[in-house]
Amino acid sequence: MPSYRVETFLARQATSECAAREWRARSTAGELRRQGVMVRFDRVIRIPEEDACLFVFDAASAREAALVAELAGLGPFRVVEDARSAAG
């Protein structure tokens, strides 16, 4: 299954917000999976120097990854296919 990065803006001093977003993303992905949506939360990558918080999902398509992000309130966001899954 391909991987997708959900890229979000997050000010570098907002570390607790990144943890809250991770919890929402993880629980939303789990709930959608129980409903039959092919998506799994993989990991979060915090890049403070770029004011970014990236969420990585294994999903059937970018649409499923975007659905998790929308329902978890991660917006505004951008969905990008992970280079490792696109190459292989």
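1. Cysteines. A disulfide is taken here as a pair of cysteine sulfur atoms within 2.5 Å. By that rule, this predicted model has zero disulfides. In general terms, a disulfide is a covalent bond between the sulfur atoms of two cysteines. As for burial, C18 has a relative accessibility of 7%, so C18 counts as buried. C53 is also buried, because its relative accessible area is 0%.

2. Fold layout. The protein has three helices and four strands. Along the sequence they run β-α-β-β-α-β-α. The radius of gyration is 12 Å, close to the 12 Å given by the globule rule for 88 residues, so the protein is as compact as a globular protein of that length. Taken along the principal axes, the C-alpha atoms fill a box of roughly 35 × 30 × 20 Å.

3. Packing and surface. Buried residues make up 34% of the 88. Take the contacts between residues at least 6 apart in sequence: 66% of them join residues at least 24 apart. The accessible surface comes to about 5000 Å². Carbon and sulfur atoms account for 53% of that surface.

4. Charges. The protein carries 13 positive and 13 negative charges. Their mean positions are 2 Å apart.

5. T28. This threonine sits in helix 1, residues 15-34. Is T28 buried or exposed? Its relative accessibility is 14%, and the cut-off for buried is under 20%, so T28 counts as buried. Which residues does T28 touch, leaving aside those up to four places away in sequence? The contacts are V68, L71 and A72.

6. The G75 to P76 bond. This peptide bond is cis, with omega near -5°. Most residues other than glycine have a negative phi, and most peptide bonds are trans.

7. D51. Here the backbone angle stands out: phi is near 50°, a positive value in a residue other than glycine. Where does D51 lie? D51 is in the loop between strand 2 (39-47) and strand 3 (52-59). The relative accessibility of D51 is 22%, so this residue counts as partly exposed.

Terms used: Residues are numbered from 1 along each chain as its sequence is written. This is a predicted model: local features need pLDDT of at least 70, side-chain atom pairs count only at pLDDT 80 or more; totals for chains, interfaces and linings use all residues. Side-chain values use heavy atoms; hydrogens and water are left out. Helices (H or I, at least four residues) and strands (E, at least two) are DSSP runs, numbered from the N terminus. Buried means under 20% relative accessible area, exposed over 50%, partly exposed in between (1.4 Å probe, protein chains only). Contact means heavy atoms within 4.5 Å. The radius of gyration is taken over C-alpha atoms; the globule rule is 2.2 Å times the number of residues to the power 0.38. Accessible areas come from the Shrake-Rupley method with a 1.4 Å probe; for residues, only the protein chains shown count as cover. Lys and Arg count as positive and Asp and Glu as negative; His and the chain ends are not counted. The place of a charge is taken as NZ of Lys, CZ of Arg, CG of Asp or CD of Glu.
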